[in-house]
Amino acid sequence: MKTFHLTIARVGENLFDGEANAVRLPGTEGVFTVLANHEPTVAELSQGEAYVEAADGQAYHFEVHAGGIAEISSNQATVIL
Amino acid sequence: MALKDIKNQISAKKRTNKVTRAMEAVSAAKMRKTQGSAIAGRPYARAALSVLARLSGSADLARHPLARERAVKKTALVLITSDKGLAGALNSGVIKEAARFVKGRDVNDVIVYAYGRKGEEYFRRRGYAIPEAFENKRDDVPLSVMQELSRKLSAGFLAGEFDEVVAAYSNFRSTFEQVPTLRKLLPLSLEGISRLVSDITPAKGKWSDDAPVASPASYMVEPSPEEVLAVLVPRLVAVSLYHMLLEAKASEHSARMVAMKSASDKSDEMAELLTRKYNKVRQAAITREVSEIVGGREALAS
C-alpha cells in the first residue's frame with residue numbers, strides 16, 4: 001500500500017510524525033479520509049476524533065477540537081490541532 | 001590583616017562558590033528542558049506557517065483584520081524579561097532595546113504589556129501605562145498565559161486600542177549568545193512569520209536542510225479560504241508569541257548558567273589568592289616569633 005508523510009502537531013507537542021497509510025479526519029463539511037496521493041486540500045476541522053493508520057500497521061487516535069486545520073499536498077499531510 | 005580575618009574571608013568565598021555552583025547546575029538542567037520544548041514546538045509552527053504561505057497565494061491574507069496595516073499612532077510593547085536577576089546582561093539588553101524603540105514616541109502613545117518583573121519595574125518608573133503585567137516565575141512557559149496574552153493583544157488591536165504590537169525579547173542563539181530582539185507581532189505579516197520560523201530552524205541537524213515544499217498550483221479549500229484564514233491567523237499570532245516566550249526562557253536559563261559559572265570561577269580564584277595571602281601572613285608571623293626567641297636567647301647568653 002502506498003504511504004504518505006503525516007505530521008500531527010499541537011502547540012508545544014508533536015503527536016505524530018511519520019509514514020501513514022490513511023488518516024480519517026473530522027472536517028467541518030463532514031468526516032473525510034486521506035490516502036496517499038490525495039488531492040491538494042486545506043480543510044478546517046471540527047470537534048471529533050482523528051484516526052491514523054500508520055505504515056507499520058499501528059493505529060492511533062487523537063482528539064480533535066474545533067479550529068484545527070489539515071493541509072494535504074504533494075503526498076504529505078499536516079494536521080495542526 | 002589578622003590571620004583570623006583572612007580565614008573568615010576564605011570560608012565566605014567558598015560558601016559563595018557552593019551556592020553559585022549549585023545555581024549553575026540547576027540552570028543547566030532547566031535550560032536543557034526549555035530547549036527541548038522549543039524544539040518540540042517547532043513542527044507546529046512550521047506546519048502553520050506552510051499552510052499560511054500556501055494560502056496567501058489563493059486568498060488575500062492582507063484582507064484579514066489582524067493582518068491589515070494602518071497608520072500607527074499607538075503602540076503596544078510586549079516586553080519579555082525575567083522575574084529574577086543574576087542572569088548577567090540578559091534583562092538590561094532587552095530593556096535597552098525596548099527603550100531605544102520607545103525613545104522617539106510620546107509616553108502616552110505606548111502601552112506596555114510586561115511579561116516578567118524586571119521590565120515592568122523599569123517602565124513603571126518611567127510612567128508608562130501598564131494595563132497588564134504577568135509573572136515570569138515558572139521554569140516553563142504556561143500555555144494558558146500565552147493564550148490569554150495573545151487574546152488580549154488581538155482584541156486590543158482589533159478594537160483599535162493600539163495600531164501595532166511590537167515584542168522585545170531575548171533570542172536564543174546558543175548557550176553563550178543571546179541577542180536582544182525587537183519584532184513586530186501585529187499586524188501579522190508573512191515575512192515576519194517566516195523570519196520567526198527561520199529563527200527557530202537550527203543551523204544544522206534534523207531540520208536544517210529542509211527546503212520549502214513546492215506548493216501545488218491549486219488547492220481545494222474547505223469550507224472557504226476566508227474561514228480557514230479566520231481560524232489560522234489568530235493561531236499564528238499565538239504561536240509567534242509562544243515562541244518568543246520560549247526563546248526568552250531558554251535565554252534566561254542559559255544566561256544565568258553562564259553568569260553563575262563565571263561567578264564560581266571568580267570565587268575560586270579569590271579563594272586561591274586569599275589562601276596564598278593567608279600562608280604568607282602565617283609564615284611571617286612564625287618567622288617573627290622564631291627570630292624573637294632567638295633574639296631573646298642571644299640576649300640572655302651574652
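User: What is the handedness of the crossing of α1(B) and α7(B)?

Analyst: A crossing is left-handed if the near helix is turned anticlockwise from the far one by less than a right angle, and right-handed if clockwise. In this predicted model, the crossing of α1(B) and α7(B) is left-handed. Helices (H or I, at least four residues) and strands (E, at least two) are DSSP runs, numbered from the N terminus. Residues are numbered from 1 along each chain as its sequence is written, and chains are lettered from A and ligands numbered from 1 in the order in which they are written. Because the model is predicted, local features need pLDDT of at least 70 and side-chain atom pairs count only at pLDDT 80 or more, while totals for chains, interfaces and linings use all residues.

User: At what angle do the axes of α1(B) and α7(B) cross?

Analyst: Axes are lines fitted to C-alpha atoms, for helices over the stretch in contact, and angles run from 0 to 180 degrees between N-to-C directions. The axes of α1(B) and α7(B), the latter spanning residues 225-301, cross at roughly 160° and come within 7 Å. The two helices are therefore roughly antiparallel to each other; angles under 35 degrees count as roughly parallel, over 145 as roughly antiparallel, 65 to 115 as roughly perpendicular and the rest as oblique. Their contact has 17 nonpolar, 13 polar and 13 charged residues. Here Ala, Val, Leu, Ile, Met, Phe, Trp, Tyr, Cys and Pro count as nonpolar, Asp, Glu, Lys and Arg as charged, and the others, Gly among them, as polar.

User: How many residues does α1(B) have, and which of them are buried?

Analyst: The expected span of a helix is 1.5 Å times one less than its number of residues. Helix α1(B), residues 3-40, has 38 residues and reaches 56 Å from its first C-alpha to its last, close to the 56 Å expected. A residue is buried if 20 or more other C-beta atoms lie within 10 Å of its own, exposed if 12 or fewer, and partly exposed in between, with C-beta atoms placed from the backbone. The buried residues of α1(B) are B:Lys13, B:Thr20, B:Ser27, B:Met31, B:Thr34 and B:Ala38.

User: How do α3(B) and α4(B) cross, and which residues meet there?

Analyst: The axes of α3(B) (residues 90-102) and α4(B) (residues 117-125) come within 10 Å and cross at roughly 45°. That makes α3(B) oblique to α4(B), and the crossing is right-handed. From α3(B), B:Asn91, B:Val94 and B:Ile95 meet B:Lys118, B:Gly119 and B:Tyr122 of α4(B). These residues divide into 3 nonpolar, 2 polar and 1 charged.

User: What does chain A bring to its contact with chain B?

Analyst: Two residues are in contact if their C-beta atoms, placed from the backbone, lie within 7 Å. The contact takes 24 residues from chain A and 27 residues from chain B. On the side of chain A, β1 (4-10), β2 (13-27), β4 (41-44), β7 (69-73) and β8 (76-80) each supply at least two residues. That side divides into 7 nonpolar, 10 polar and 7 charged residues.

User: Is B:Val51 buried or exposed, and what is it in contact with?

Analyst: B:Val51 lies in helix α2 of chain B, residues 42-58. It is buried because 23 other C-beta atoms lie within 10 Å. Leaving aside neighbours within four places in sequence, B:Val51 is in contact with A:Val42, A:Ile69, A:Glu71, A:Thr78 and B:Leu232.

User: Which backbone angles deserve attention, and why?

Analyst: Most residues other than glycine have a negative phi, and most peptide bonds are trans. Phi of A:Asn37 is near 60°, a positive value; A:Asn37 is in the loop between β3 (30-34) and β4 of chain A and is exposed, with 10 other C-beta atoms within 10 Å. Phi of B:Leu86 is near 55°, also positive; B:Leu86 is found in the loop between β1 and α3 of chain B and is partly exposed, with 14 other C-beta atoms within 10 Å.

User: Where is the peptide bond that is cis?

Analyst: The bond from B:Leu186 to B:Pro187 is cis, with omega near -5°. B:Pro187 is in the loop between β5 (177-186) and α6 (190-200) of chain B.
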